[in-house]
Amino acid sequence: MARDQEITFYSDEQTLRELDELADEQDTTRSTLVFELVREGLRREREGAVSAETRAAERLQDLLDDGLTDMEDTARQMQDLNAKTGVYAVAAFELIKQQHGEAAIREALQTGARRLREEDVDDLASGESDGQGETADQGATAEDDADQDSGGLDFEALREGNQ
């Protein structure tokens, strides 16, 4: 590489003496020494920039890993809570079915299913369409009718704990 471009800079006497002494120790010229020092400084700057980017990327990855770990912990806790909720629901059902007849149990289950769907519909209640020309509320009503017409729950199996 040809070194044919001149750069002028100003220095104090002390720095100039130090440059001359260092050039003599290395058996080179002041120009070559300054050139090498500038190149080394530029290399360090580039390395510093790359290092900063690497540290930023590592920090970002650490944050993502921490977030993923937190999400996994939360999912596990939700799974445990759902399992416990299910156990309590089954236990309550077992106690209630011992004290009530099949008709009362059927009506209570249908009411519960209908109320859950109604709450879902209320959450979506801006009259949004499901893409088939039917609002979410109309869809829930159709499902309620289908559930009631089909007699979909086997209450005898529920009483025996098979479902």
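**Close-up views of a predicted model**

**View 1. Helix α1 (residues 13–25) packs against helix α2 (residues 30–97) at an angle of about 100°, and their axes lie 9 Å apart.** Axes here are lines fitted to C-alpha atoms, for helices over the stretch in contact, with angles running from 0 to 180 degrees between N-to-C directions. The angle therefore makes α1 roughly perpendicular to α2 (the term covers 65 to 115 degrees). On the α1 side, the contact (heavy atoms within 4.5 Å) is made by L16, L19, D20, L22 and A23, and on the α2 side by R30, L33, V34 and L37. These contact residues divide into seven nonpolar, no polar and two charged (Ala, Val, Leu, Ile, Met, Phe, Trp, Tyr, Cys and Pro count as nonpolar; Asp, Glu, Lys and Arg as charged; the others, Gly among them, as polar). This is a predicted model, where local features need pLDDT of at least 70 and side-chain atom pairs count only at pLDDT 80 or more, while totals for chains, interfaces and linings use all residues. Residues are numbered from 1 along each chain as its sequence is written, and side-chain values use heavy atoms, leaving out hydrogens and water.

**View 2. D27 lies in the loop between α1 and α2.** Take a look at its backbone: phi of D27 is near 55°, a positive value in a residue other than glycine. D27 is exposed, with a relative accessible area of 72% (exposed means over 50%, buried under 20%, partly exposed in between, using a 1.4 Å probe and protein chains only).

**View 3. The charged end of R3 sits over the ring of F35, 4.6 Å from its centre.** The criterion asks for NZ of Lys or CZ of Arg within 6 Å of the ring centre and within 35 degrees of the ring normal.

Note on methods
Helices (H or I, at least four residues) and strands (E, at least two) are DSSP runs, numbered from the N terminus. Angles under 35 degrees count as roughly parallel, over 145 as roughly antiparallel, 65 to 115 as roughly perpendicular and the rest as oblique.
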